[in-house]
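Colleague: I would like to learn how to read the features of a model like this one. Please take me through a few of them, with the cut-offs.

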Amino acid sequence: MPSGDTLSSVDSDLEEKISTVFERKLKLMTTAPPGLLIEVPVGTLGGALSEVTEFPLAGGAPVGAFFDYGCLHLIASSTLNHFQKMYPKGRFDVRRFRPNLVIHSDSEPFVENSWVGRNIMIGQELILRVSIPCPRCISVTLAQDDLPRDPSILRAIAEQNMCDLGDFGTLPCAGVYAEVIKAGHIQCGDTLRFVD
């Protein structure tokens, strides 16, 4: 908390405390209620949705999930390495992108764009279906831990990789979203292969 206090979900007065800080009634939930919407400023999306100010949460994930869009976010190391070579050291730290998985790749940057619509297996069990390139927003520019605020990051992504996302419009993207087709265990070093 801004005061330095640490709160836990088991605290009996947690909802009261966070509601006080945010000056509105808040409730913690483990599943998203039906119809939950994300609020955005006009112009956040493009194309047919350029005037939209809210849209359904987790449109590419199972009902009840708390994701912006998809369950998993994958990004290739070649994409991250591309940015790190082009821009000053540390600016394109992987933490800014918040991926679930970084896929080692010696391919060209943005190789993930070619994975859209394909099924991939990681290890011996997990099968994912890649849904769309991951549109990036102002979150990648925000300060976190020892990383300073850096508005140039979103501009750099826009200069390098604008993707047509249909009704969402053409947006700056880095990485891809994926849904789980078959759950399974994975570990560092597992091989990725296409299974479609």
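Colleague: Which residues make the nonpolar surface patch?

Modeller: Patches take residues with over 30% relative accessible area and no salt bridge, joining like charges within 9 Å and nonpolar side chains (Val, Leu, Ile, Met, Phe, Trp, Tyr) within 5 Å. Accessible areas come from the Shrake-Rupley method with a 1.4 Å probe, and for residues only the protein chains shown count as cover. A salt bridge requires a side-chain nitrogen of Lys or Arg within 4 Å of a carboxyl oxygen of Asp or Glu. Here Met1, Val21 and Phe22 form a nonpolar patch of about 280 Å². This is a predicted model, in which local features need pLDDT of at least 70 and side-chain atom pairs count only at pLDDT 80 or more, while totals for chains, interfaces and linings use all residues. Residues are numbered from 1 along each chain as its sequence is written, and side-chain values use heavy atoms, leaving out hydrogens and water.

Colleague: Where does Val21 lie, and how is its accessibility classed?

Modeller: Helices (H or I, at least four residues) and strands (E, at least two) are DSSP runs, numbered from the N terminus. Buried means under 20% relative accessible area, exposed over 50%, and partly exposed in between (1.4 Å probe, protein chains only). Val21 lies in helix 1 and, at 40% relative accessibility, is partly exposed. In the loop between helix 1 and strand 1, Glu23 is exposed at 73%, and its phi near 55° is positive although the residue is not glycine. Lys27 belongs to the loop between helix 1 and strand 1 too; its relative accessible area is 58%, so it counts as exposed.

Colleague: How many helices and strands does the chain have?

Modeller: There are 3 helices and 9 strands, in the sequence pattern α-β-β-β-α-β-β-β-α-β-β-β. Of the 196 residues, 37% count as buried. The C-alpha atoms fill a box of roughly 50 × 40 × 35 Å along the principal axes.

Colleague: Which residues of helix 2 are buried, and what do they pack against?

Modeller: An α-helix has 3.6 residues a turn, so residues three or four places apart point the same way. In helix 2 the buried residues are Ser77, Ser78, Thr79, Leu80, His82 and Phe83. For packing, contact means heavy atoms within 4.5 Å. The buried residues of helix 2 pack against strand 3 (72-76), strand 4 and helix 3.

Colleague: Next, strand 5. Which strands are joined to it by bridges?

Modeller: Two strands pair if DSSP finds at least two bridges between them. Strand 5 is joined to strand 6 (residues 126-135) by 4 bridges and to strand 9 (residues 192-194) by 3 bridges. Both pairings run antiparallel. Ile120 faces Leu128 in strand 6, while Ile122 has Leu192 of strand 9 as its bridge partner. The hairpin of strand 5 and strand 6 leaves 3 residues between the strands, and Gly123 in it has a positive phi near 75°.

Colleague: Are the faces of strand 5 covered or open?

Modeller: Both are covered: Asn119 and Met121 on one side, and Ile120 and Ile122 on the other, are all buried.

Colleague: How is Asn161 placed, buried or exposed?

Modeller: Asn161 is buried, at 7% relative accessible area, in the loop between helix 3 (152-160) and strand 7 (162-164). A polar contact is a pair of N or O atoms within 3.5 Å; within protein, one must be able to donate a hydrogen and the other to accept it, and residues adjacent in sequence count only if both atoms are side-chain atoms. The side chains of Asn161 and Asn113 make one of 2.9 Å. Leaving aside residues up to four places away in sequence, Asn161 also touches others, including Phe110, Leu171 and Pro172.

Colleague: How many salt bridges does the structure hold?

Modeller: It holds 6. One of them joins Arg91 and Asp150 at 2.8 Å, N to O. That pair links distant parts of the chain, 59 residues apart: Arg91 is in the loop between helix 2 and strand 4, and Asp150 in the loop between strand 6 and helix 3. Arg91 is partly exposed at 25%, whereas Asp150 is buried at 11%.

Colleague: And which residue forms a salt bridge with Asp196?

Modeller: Arg118 does, with the closest N and O atoms 3.3 Å apart. The two are 78 residues apart, Asp196 in the segment after strand 9 and Arg118 in the loop between strand 4 and strand 5. Asp196 is exposed at 53%, and Arg118 is partly exposed at 30%. Elsewhere, salt bridges that share partners join Asp93, Arg95, Asp145 and Asp146 into one network.
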